[in-house]
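Me: Hi! I am new to protein structures. Could you help me learn to read one?

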Amino acid sequence: MQLQELNNRFSESSTEFLLCVTCLNPSNMFSAYDKGKLIRLAELCPVDFSMINLVSLEHQLSTYIVDMRTNEEFSSLTSIAVKDKKNIVYPLVFKLIIFALTLPVATATVERAFSAMKIIKHRLHSKMGDAWLNDCLVPYIEKEVFDSFPNEVFMQHYQKMQSRMQSL
């Protein structure tokens, strides 16, 4: 039943992405490591990984996993970390890690913005221009930032603004 719910919730491409990212899990000396899935993860972003980069990445991954499994400092590692300038030694592996860590956040942020836009546009019956929509969405999407200021600051700002209406 749980598996069915997960299948309904996540698309096939999202599931593939998550399975590929799990191969970067450093716990148990990278026991989930699978070079083929990591190459597939890089193939999902052809803009960042060209064919030449994929060949280089394959070699870097082979060396990287041996290095990580034999290094005492990394043997007790439980989360993804960058130490000892490994990002310079393995730049494509580091790029892959950055991709794996930022894509879910970027995707969630975009989805959040579209959800906010759907709410705002629906409530205002789609009768607004792009500039006004932008002005309405920024405070809605960035609630945490706007909550850090007292309402009086915004009220004073709008009170100081001159009226835009002109008599004919």
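Reply: Let us go through a few features together. This is a predicted model, in which local features need pLDDT of at least 70 and side-chain atom pairs count only at pLDDT 80 or more, while totals for chains, interfaces and linings use all residues. Residues are numbered from 1 along each chain as its sequence is written, and side-chain values use heavy atoms, leaving out hydrogens and water.

Me: How many helices and strands are there in the protein?

Reply: Helices (H or I, at least four residues) and strands (E, at least two) are DSSP runs, numbered from the N terminus. Here the protein has 11 helices and 0 strands.

Me: Is Gln 60 buried or exposed?

Reply: Buried means under 20% relative accessible area, exposed over 50%, and partly exposed in between, using a 1.4 Å probe and protein chains only. Gln 60 sits in helix α5 (residues 51-70). Its relative accessible area is 16%, so Gln 60 is buried. Across the protein, 23% of the 168 residues count as buried.

Me: Which residues is Gln 60 in contact with, leaving aside its neighbours within four places in sequence?

Reply: Contact means heavy atoms within 4.5 Å. With those neighbours set aside, Gln 60 touches Tyr 90, Pro 91, Leu 92 and Val 93.

Me: Which residues in α2 meet α4?

Reply: From α2, Glu 16, Phe 17, Leu 19, Cys 20 and Val 21 meet Lys 37, Leu 38, Arg 40 and Leu 41 of α4.
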